[in-house]
Amino acid sequence: MNSNYLKNIMKKKHISMYKLSKLSNIDNKSIWNIVNDKRKDSQISTVVKIAKALDLNEYEFAELCGYRKDD
């Protein structure tokens with residue numbers, strides 16, 4: 001997961017780690033580990049929950065997964 005992209009999206013949408021935890025139904029420690037790049041390979045179910053909580057489109061989802069969108 002692209003943690004830098006996640007941080008940018010959270011900042012842009014004014015969502016804290018705590019709020020993301022509540023929106024995604026993922027415990028706060030797991031969110032902290034993901035945001036701070038302590039967890040390298042998150043499960044796809046976790047990535048999907050985060051993407052849904054942040055209301056990401058397919059391009060943003062791909063970027064979150066570590067794929068760059070075509071410019």
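**Reading the model**

Tutor: The protein chain averages a pLDDT of 91, and 96% of the residues score at least 70, where pLDDT is the predictor's confidence in each residue, from 0 to 100. This is a predicted model, in which local features need pLDDT of at least 70 and side-chain atom pairs count only at pLDDT 80 or more, while totals for chains, interfaces and linings use all residues. Residues are numbered from 1 along each chain as its sequence is written, and side-chain values use heavy atoms, with hydrogens and water left out.

Student: Why is asparagine 33 called buried?

Tutor: Buried means under 20% relative accessible area, exposed over 50%, and partly exposed in between, with a 1.4 Å probe and protein chains only. Asparagine 33 has a relative accessible area of 15%, so it counts as buried. This residue is found in helix H3, helices being DSSP runs of H or I with at least four residues, numbered from the N terminus.

Student: How do you know that the buried residues of H2 are on the same side of the helix?

Tutor: The buried residues of H2 are Leu20, Ser21 and Ser24. They cover an arc of only 105° around the axis, which puts them on the same side of H2; the arc is that of the directions from the helix axis to the C-beta atoms. The face turned away from this buried side carries the exposed residues Tyr18 and Lys22.

Student: What makes H2 and H4 roughly perpendicular to each other?

Tutor: H2 and H4 pack at an angle of about 105°, with their axes 9 Å apart. Axes are lines fitted to C-alpha atoms, for helices over the stretch in contact, and angles run from 0 to 180 degrees between N-to-C directions. Angles under 35 degrees count as roughly parallel, over 145 as roughly antiparallel, 65 to 115 as roughly perpendicular and the rest as oblique, and H2 and H4 are therefore roughly perpendicular. Their contact (heavy atoms within 4.5 Å) is made by Leu20, Leu23 and Ser24 of H2 and Lys49, Ile50, Ala53 and Leu54 of H4.

Student: Which residues touch the most other members of the largest nonpolar core?

Tutor: A nonpolar core is a set of buried Ala, Val, Leu, Ile, Met, Phe, Trp, Tyr and Cys residues joined through side-chain atoms within 4.5 Å. Of the 17 residues in the largest one, Leu6, Leu20, Ile50, Leu54 and Leu64 touch the most other members. The largest share of this core, five residues, comes from H4.

Definitions and conventions:
Helices (H or I, at least four residues) and strands (E, at least two) are DSSP runs, numbered from the N terminus.
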